[in-house]
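This report goes through selected local features of one protein model, residue by residue. Please keep the sequence and the structure at hand while reading.

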Amino acid sequence: MKIALAAATRKEIEPVQQYLAERVYLKGHHRFSIVLTGVGLMGTTYALTRVWALDKPDIAIQAGIAGSFHPLYSPGMVVAVREELVGDLGVMENGWKDLFDMGLADADAFPWTGGRLVNPHAELIRKTHLETVRALSVNQVSTDPEQIRQLVHKFGPVVESMEGAAFHHVCLMEGIPFIQLRAISNQVGDRNKSNWQMGPAIRNLNDALIQ
């Protein structure tokens, strides 16, 4: 198989890169490729499309850190993303309205399902043995309490990232089986970096990715 690993930054998957480099025998006849997309939805979409148009993988795995909207999903926890939504594409007009609310897009036109980018590969996700969640992707990290309240009320997400929806979108459009893993580093809205657990999140993420 051709297995593609995608991440926004090298730091997020560096332990896995080292693991694979030291254990060439584990690769067998599989071929691994790594795509570092940069942060954000636009960069991720371009990077993945550009690389995979030339060399389409048999399976794609995105791994990265995320913020948590829910206190039960605490820093260090690793989850598999079942479905993605885009949280900042629309207009603030008597509350947040997305493209579907505005009538600018069909919520059930492929690759959308009820306005969500759903991973249809349930068996593949099940094999991660991780809890599955709904995620929200944004280009601007959510910090305002009222904004966060509205996003939670409207979308019901568990985690927030800046690349997940782009990854789901490209994989669905290209027909590539995929898995997205996220390790929680902080609570959404908490900008006190001393409360964040980047180290444990990245360590747990890579442990899960290796498994």
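Arg134 is partly exposed, because its relative accessibility is 23%. The model is a predicted one. Glu83, by contrast in class, is buried, with a relative accessibility of 5%. The side chains of Glu83 and Arg134 form a salt bridge, with an N to O distance of 2.5 Å. Since Glu83 belongs to strand β4 (residues 78-86) and Arg134 to strand β8, the pair ties together parts that are 51 residues apart in sequence.

**Other salt bridges**

The model has 10 salt bridges in total. One of them joins the side chains of Asp55 and Arg31, at 3.1 Å from N to O.

Another salt bridge lies within a helix. Glu123 and Arg126 are both in helix α3, three residues apart, which is about one turn of the helix. Their side chains meet at 2.6 Å, N to O. Glu123 is partly exposed, at a relative accessible area of 42%.

| Salt bridge | Distance, N to O |
|---|---|
| Asp55 and Arg31 | 3.1 Å |
| Glu83 and Arg134 | 2.5 Å |
| Glu123 and Arg126 | 2.6 Å |

**A buried charge without a salt bridge**

Asp98 is in strand β6, which covers residues 96-98. Asp98 is buried but has no salt bridge. Its nearest side chain of opposite charge is that of Lys154, 4.4 Å away, and a salt bridge requires a distance within 4 Å. The side chain of Asp98 does have a polar atom 2.9 Å from the backbone nitrogen of Asp101. Apart from neighbours within four places in sequence, Asp98 contacts Leu89, Gly90, Lys154 and Phe155.

**Ser137 in strand β8**

Strand β8 spans residues 132-137 and includes Ser137. Is Ser137 buried or exposed? With a relative accessibility of 0%, Ser137 is buried. The Ser137 side chain lies 3.3 Å from the backbone nitrogen of Gly164. A polar atom of the Ser137 side chain is also 2.8 Å from the backbone nitrogen of Ala165. Beyond its neighbours within four places in sequence, Ser137 touches a set of residues including Leu41, Glu84, Val86, Asp88 and Ser161. Glu163, Gly164 and Ala165 are also among its contacts.

**Val39 in a loop**

Val39 is located in the loop between β2 (31-36) and α2 (41-54). Its relative accessible area is 53%, so Val39 counts as exposed. Which residues does Val39 contact, leaving aside its neighbours within four places in sequence? They are Ala8, Thr9, Met162 and Glu163. Val39 and Asn139 are 100 residues apart in sequence, while their C-alpha atoms are 8.5 Å apart in space.

**Backbone details**

Phe110 and Pro111 are joined by a cis peptide bond, with omega at about 10°. Pro111 is in the loop between β6 and β7 (117-118).

Asn94 is not a glycine, yet its phi is positive, at about 55°. Asn94 lies in the loop between β5 (90-92) and β6, and it is exposed because its relative accessibility is 82%. His129, also not a glycine, has a positive phi of about 60°. The loop between α3 (122-126) and β8 holds His129, which is exposed at a relative accessibility of 69%.

**The largest pocket**

How much space lies in the largest pocket? Its volume is about 670 Å³. The lining consists of 23 residues, and those nearest the centre are Ile61, Ala208, Leu209, Ile210 and Gln211. Strands β1 (2-7), β3 (59-68) and β10 (178-187) each contribute at least two lining residues, as do helices α1 (10-22) and α6 (198-210).

Methods. Residues are numbered from 1 along each chain as its sequence is written. This is a predicted model: local features need pLDDT of at least 70, side-chain atom pairs count only at pLDDT 80 or more; totals for chains, interfaces and linings use all residues. Side-chain values use heavy atoms; hydrogens and water are left out. Helices (H or I, at least four residues) and strands (E, at least two) are DSSP runs, numbered from the N terminus. Buried means under 20% relative accessible area, exposed over 50%, partly exposed in between (1.4 Å probe, protein chains only). Lys and Arg count as positive and Asp and Glu as negative; His and the chain ends are not counted. A polar contact is a pair of N or O atoms within 3.5 Å; within protein, one must be able to donate a hydrogen and the other to accept it, and residues adjacent in sequence count only if both atoms are side-chain atoms. Contact means heavy atoms within 4.5 Å. On a 1 Å grid over the protein atoms alone, a cavity is a set of points where a 1.4 Å probe fits but cannot get out, and a pocket is an open set with protein on both sides within 12 Å along at least five of seven lines; lining residues have an atom within 4 Å of a point. Grid points are joined across faces, edges and corners, and a volume is the space filled by probe spheres set on the points.
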